[in-house]
Amino acid sequence: MPRSELDLNPVQHITADAIGKPGQRVFYLQGWRETDIHPVTVIIEKVQLQTLATGLEQMLAEIVQQNPALAGLQADYDSDKMRITPPVDPLFRAGEMGLGYDAEEDQIVILVREIVMEDGDPEEASVVRFWCSRQQASWLAGWSQEVVNRGRPICPQCGQPMEPEGHFCPKKNGHKH
Ligand SMILES: [Zn+2]
């Protein structure tokens, strides 16, 4: 049995965000139901967020391909509403993640399973399921891409983004710093 199993069905809001200095950012997935007093937050890796965003976009495209009658989605999200909401009190660190679609309810489910440590029992890993509309999933996907790409630090000398391996700064005559 999982230690805890949480079905947010449906979420009123779902988003992702990163907190911390560039290079040391921690990524979060967060959602809540209308009745939740506090947001439900889990820690995910940057690559997991990237995979989630790509997976959602693919799934959304496939759904519309199979059901052309479905209503279209608005592409633009409100960045202010997509930022993480305190308190950020993560339930666990994400391991396995999965996606599903309930055609009857026209709902997408994002399943997040707690990471299992070497000596841990996979059966006991906690589970959260975020049930969201296609619109919410689409905004989450678009915003997550933005969050992932936001990562590169900005050079204090010239204001250009720096690569992790160093940066040839025009303000320093091309010297690496
Ligand atoms: Zn520079």
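This is a short talk on one predicted protein model, going from its overall layout to a few single residues.

Some ground rules come before the content. The model is predicted, so local features need pLDDT of at least 70 and side-chain atom pairs count only at pLDDT 80 or more, while totals for chains, interfaces and linings use all residues. Residues are numbered from 1 along each chain as its sequence is written, and side-chain values use heavy atoms, with hydrogens and water left out.

Let me start with the layout. The protein has three helices and nine strands. Here helices (H or I, at least four residues) and strands (E, at least two) are DSSP runs, numbered from the N terminus. Reading from the N terminus, the order is β-β-β-β-α-α-β-β-β-α-β-β. Along the principal axes, the C-alpha atoms fill a box of roughly 60 × 45 × 30 Å.

How many of the 177 residues count as buried? The share is 40%. Buried means under 20% relative accessible area, exposed means over 50%, and partly exposed is in between, with a 1.4 Å probe and protein chains only. As for contacts, meaning heavy atoms within 4.5 Å, take those with a separation of 6 or more: residues 24 or more positions apart account for 58% of them.

Next, the helix pair. Helix α1, residues 46–66, packs against helix α3, residues 134–149, at an angle of about 140°, and their axes are 9 Å apart. Axes are lines fitted to C-alpha atoms, for helices over the stretch in contact, and angles run from 0 to 180 degrees between N-to-C directions. The α1 and α3 crossing is left-handed. That term applies if the near helix is turned anticlockwise from the far one by less than a right angle; clockwise would be right-handed. On the α1 side the contact includes Leu 49, Leu 52, Leu 56 and Ile 63, and on the α3 side it includes Arg 134, Leu 140 and Val 147. Sorted by class, the contact of α1 with α3 has 12 nonpolar, six polar and three charged residues. In that sorting Ala, Val, Leu, Ile, Met, Phe, Trp, Tyr, Cys and Pro are nonpolar, Asp, Glu, Lys and Arg are charged, and the others, Gly among them, are polar.

Now the core. A nonpolar core is a set of buried Ala, Val, Leu, Ile, Met, Phe, Trp, Tyr and Cys residues joined through side-chain atoms within 4.5 Å. The largest one has 31 residues, and Leu 29, Ile 110 and Phe 130 touch the most other members. At least two residues of this core come from each of β2 (13–19), β3 (26–32), β4 (40–44), α1, β6 (107–114), β7 (127–133) and α3. Ile 110, with neighbours within four places in sequence left aside, has contacts that include Leu 29, Leu 52, Phe 130 and Leu 140.

Is Ile 63 buried or exposed? Ile 63 is buried, because its relative accessible area is 5%. Not counting residues up to four places away in sequence, Ile 63 touches Leu 70, Tyr 101, Ile 108 and Arg 134. Leu 70 is in the loop between α1 and α2 (79–82), and at 24% relative accessibility Leu 70 is partly exposed. With the neighbours within four places again left aside, Leu 70 is in contact with Ile 63, Tyr 101, Asp 106 and Arg 134.

That brings up Asp 106, in the loop between β5 and β6. Asp 106 is partly exposed, with a relative accessible area of 24%. Its phi is near 50°, a positive value in a residue other than glycine. Most residues other than glycine have a negative phi, and most peptide bonds are trans.

The one from Asn 9 to Pro 10 is cis, with omega near -5°, and Pro 10 sits in the loop between β1 (5–8) and β2. A cis bond also joins Pro 86 and Pro 87, with omega about 0°; Pro 87 is in the loop between α2 and β5 (94–102).

Last, the cysteines. How many disulfides does the structure hold? It holds zero, where a disulfide is a pair of cysteine sulfur atoms within 2.5 Å. Cys 155 is buried at 2% relative accessible area, and Cys 169 is buried at 0%.
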